[in-house]
Every structure is written in structure tokens, then in C-alpha cells.
Amino acid sequence: ARAALHRGDSNRAACHTHLGAFSAAIEDAEKCIALEPAWGQGYVRKGRVAVSYTHPTLPTNPLWISPW
């Protein structure tokens with residue numbers, strides 16, 4: 001059961017990011033990284049929180065292509 005805890009924190013970080021709850025998202029991303037530092041998705045979630053927080057009008061969809 002402990003082996004999959006990092007995935008739950010990662011998914012919850014993504015949900016919080018989409019909802020605009022950036023402080024909760026960063027906490028979950030950091031928990032994910034602490035539980036499984038070798039799993040890159042935790043770092044991706046943390047990066048998306050930073051981008052979403054600094055540019056709240058940008059979509060968080062990874063397939064979105066910037067027109068700039």
C-alpha cells in the first residue's frame with residue numbers, strides 16, 4: 001500500500017492545480033517527491049504548480065500549444 005502513496009499525492013496535486021488551490025498542490029507535490037524521489041512525475045507536478053501560479057491564465061493542459 002505504501003508503494004502507491006506517491007501516486008495519490010501526485011494526482012491530488014494535479015487536481016488542486018486545476019482548481020487553483022496552489023498551496024495545497026505544492027504540498028502534495030512535495031509529499032510525492034519525498035515518498036518517491038526517483039519518480040519524475042512529482043517534479044512535473046511541482047513545476048506545473050509554479051507555472052500555473054505565476055501565469056494563472058495559461059491552460060494547464062500539456063497538449064496546449066502556445067501561440068507566442
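## Packing of H1 and H2

Helices H1 and H2 pack at an angle of about 160°, with their axes 8 Å apart, where axes are lines fitted to C-alpha atoms, for helices over the stretch in contact, and angles run from 0 to 180 degrees between N-to-C directions. H1 and H2 are therefore roughly antiparallel to each other, a description used for angles over 145 degrees, while angles under 35 count as roughly parallel, 65 to 115 as roughly perpendicular and the rest as oblique. H1 passes H2 in a left-handed crossing, meaning that the near helix is turned anticlockwise from the far one by less than a right angle, with clockwise giving a right-handed crossing. On the H1 side the contact is made by Leu 5, His 6, Asp 9, Ser 10, Arg 12, Ala 13, His 16 and Thr 17, and on the H2 side by Phe 22, Ala 24, Ala 25, Asp 28, Ala 29, Lys 31, Cys 32 and Leu 35; contact here means heavy atoms within 4.5 Å.

## Basis of the description

This is a predicted model, in which local features need pLDDT of at least 70 and side-chain atom pairs count only at pLDDT 80 or more, whereas totals for chains, interfaces and linings use all residues. Residues are numbered from 1 along each chain as its sequence is written, and side-chain values use heavy atoms, with hydrogens and water left out.

## The chain as a whole

The secondary structure of the chain comes to three helices and zero strands, and along the sequence the pattern reads α-α-α. Helices (H or I, at least four residues) and strands (E, at least two) are DSSP runs, numbered from the N terminus. Of the 68 residues in the chain, 22% are buried, where buried means under 20% relative accessible area, exposed means over 50%, and partly exposed lies in between (1.4 Å probe, protein chains only). Among the contacts in the chain with a separation of 6 or more, 43% are between residues 24 or more positions apart.

## Helix H1 and Asp 9

At 1.5 Å a residue, the 15 residues of H1 should span 21 Å, and its end C-alpha atoms are 21 Å apart, which agrees; the expected span is 1.5 Å times one less than the number of residues. The buried residues of H1 are His 6, Asp 9, Ser 10, Ala 13, Ala 14 and Thr 17. Seen down the axis of H1, these buried residues fall within an arc of 140°, so they line one face of the helix, the arc being that of the directions from the helix axis to the C-beta atoms. They pack against H2 and H3, while the face of H1 turned away from the buried side carries the exposed residues His 18 and Leu 19. After H1 comes Gly 20, whose phi is positive, near 85°.

Asp 9, found in helix H1, is buried, with a relative accessible area of 8%. Leaving aside neighbours within four places in sequence, Asp 9 is in contact with Asp 28, Lys 31, Cys 32 and Leu 35.

## Helix H2 and Leu 35

Helix H2 (residues 22–35) has 14 residues and reaches 20 Å from its first C-alpha to its last, close to the 20 Å expected at 1.5 Å a residue. Its buried residues are Ala 25, Asp 28, Ala 29, Cys 32 and Ile 33. Viewed down the axis of H2, the buried residues fall within an arc of 140°, so they line one face of the helix. What covers them includes helix H1 (5–19) and helix H3 (41–54), whereas Ser 23 and Ala 34, on the other side of H2, are exposed.

Leu 35, also found in helix H2, is partly exposed, with a relative accessible area of 28%. Leu 35 and Leu 5 are 30 residues apart in sequence and 7.5 Å apart in space, C-alpha to C-alpha.

The contact is made by Phe 22, Ala 25, Ile 26, Ala 29, Glu 30, Cys 32 and Ile 33 of H2, together with Gly 42, Tyr 43, Arg 45, Lys 46, Val 49, Ser 52 and Tyr 53 of H3.

Trp 39 lies in the loop between H2 and H3 and is partly exposed, with a relative accessible area of 23%. Not counting residues up to four places away in sequence, Trp 39 touches His 6, Arg 7, Ser 10 and Cys 32. Trp 39 and Arg 7 are 32 residues apart in sequence and 9.4 Å apart in space, C-alpha to C-alpha.
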